[in-house]
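Me: I would like to go through some of the labels used for this structure and ask what each one rests on.

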Amino acid sequence: MNAFETKIDLRSDTITRPTREMLEAMWSAEVGDDVFGDDPTVNALQEKAARLFGMEDALFCPSGTMTNQLAIRIHTRPGSDVICDKHSHIYLYEGGGIMLNAFSSVKLLDGDRGRLSAQQVSDAISPENDVHSTVTRLVSLENTMNKGGGCYYDFKEIEAIREVCSNRHIPLHLDGARLFNALVETGETPAQYGQVFDSISICLSKGLGCPVGSLLLGTRDMIREARRFRKVMGGGWRQAGFLAAAGIYALDHHVDRLKEDHSRARKIGELFAGRAEVAEVFPVDTNIVIIRLNEGISEMEYVSRLGQAGILAVTFGKGLVRFVTHLEFTDELLGIMAERLQNR
């Protein structure tokens with residue numbers, strides 16, 4: 001067998017397939033029709049997530065883009081604005097949904113690797129009663145921050161942002177697609193996050209290893225409205241309990257192991273730090289590694305060359321390449337990757 005027939009796929013943590021144990025949980029799930037609200041496994045997942053975060057209710061959806069966009073649609077009004085970092089997923093990677101779904105504008109801030117400060121948020125809120133301005137109706141944070149290389153917030157800064165929002169009566173939303181990656185590093189709890197955010201989106205299909213699905217958490221009234229808009233977006237699904245069972249299994253079994261992904265990501269960072277073609281390795285805080293190539297090296301060509309060596313990554317901007325570790329990336333594959341890089 002050609003050595004490169006073993007593909008090392010680090011394009012994203014979304015590429016994982018269910019483990020045998022997860023498949024068994026899915027296969028044995030009791031299901032119903034979720035549009036009618038009678039899929040017991042979907043209901044169990046939603047109740048479990050709501051309890052975990054200490055929030056009133058949750059809604060199971062096909063994707064994190066949908067859960068984010070539902071929250072934005074509910075919190076805002078046409079002609080209002082959303083404060084977020086200029087590299088936020090809700091702005092860069094959700095197809096212009098803020099404008100298309102919520103008819104709202106954005107105020108893009110330049111955070112610290114995507115992390116906003118309370119002062120930045122305070123300064124960006126539109127003046128009251130200014131007819132020339134949009135009305136700020138939502139602040140959105142992302143944790144961990146994808147474009148920031150998987151960095152995470154200091155919780156004290158989140159609390160300070162919460163205070164700013166409360167004083168101005170503005171909801172605070174969290175795009176927590178990889179929130180559990182942050183939690184296993186900081187030691188904070190989901191319940192702490194549930195106390196400071198008005199709505200939270202979490203992905204089950206990234207580091208937690210589910211085949212599909214995300215959850216939106218909030219108040220009962222908010223989730224009732226989100227369920228209606230989910231249907232409008234075509235997101236009502238039927239026997240979704242097979243997928244919800246994967247979510248329940250992941251929350252029970254795949255959270256603590258995220259530290260293994262982080263450890264391997266740091267080792268990947270070390271591999272690239274010593275390479276002549278690499279100008280910079282972003283700090284590796286969780287499971288995302290971003291490298292900046294030397295001037296004149298095409299990120300497209302570099303990713304292509306890695307692919308020829310059986311290492312799959314993605315371009316991430318001018319001169320940038322991203323790698324993401326996940327539950328299918330083992331110590332054995334890390335060793336193979338090190339050998340291939342050494343031989344290049």
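Me: Why is R11 called partly exposed?
Reply: This is a predicted model. R11 has a relative accessible area of 37%, and partly exposed lies between under 20% for buried and over 50% for exposed, so R11 takes the label partly exposed.

Me: What makes D9 and R11 a salt bridge?
Reply: Their closest N and O atoms are 2.6 Å apart. The cut-off is 4 Å, so the pair counts as a salt bridge. D9 itself is buried, with a relative accessible area of 16%, under the 20% limit.

Me: Why is R20 called exposed?
Reply: R20 has a relative accessible area of 54%, and exposed means over 50%. R20 forms a salt bridge with E21, at 3.1 Å from N to O. E21 is partly exposed at 33%.

Me: How do you know that the length of helix α10 agrees with its number of residues?
Reply: At 1.5 Å a residue, the 13 residues (220-232) should span 18 Å. The end C-alpha atoms of α10 are 19 Å apart, which agrees.

Me: Which residues of α10 are buried, and what puts them on the same side?
Reply: M222, I223, A226, F229 and R230 are buried. They cover an arc of only 120° around the axis, which puts them on the same side of α10. Residues three or four places apart point the same way because an α-helix has 3.6 residues a turn. The buried residues of α10 pack against β2, α3, β7 and β8. The face turned away from the buried side carries the exposed residues D221, R224, R228 and V232.

Note on methods: Residues are numbered from 1 along each chain as its sequence is written. This is a predicted model: local features need pLDDT of at least 70, side-chain atom pairs count only at pLDDT 80 or more; totals for chains, interfaces and linings use all residues. Side-chain values use heavy atoms; hydrogens and water are left out. Helices (H or I, at least four residues) and strands (E, at least two) are DSSP runs, numbered from the N terminus. The expected span of a helix is 1.5 Å times one less than its number of residues. Buried means under 20% relative accessible area, exposed over 50%, partly exposed in between (1.4 Å probe, protein chains only). The arc is that of the directions from the helix axis to the C-beta atoms. Contact means heavy atoms within 4.5 Å. A salt bridge is a side-chain nitrogen of Lys or Arg within 4 Å of a carboxyl oxygen of Asp or Glu.
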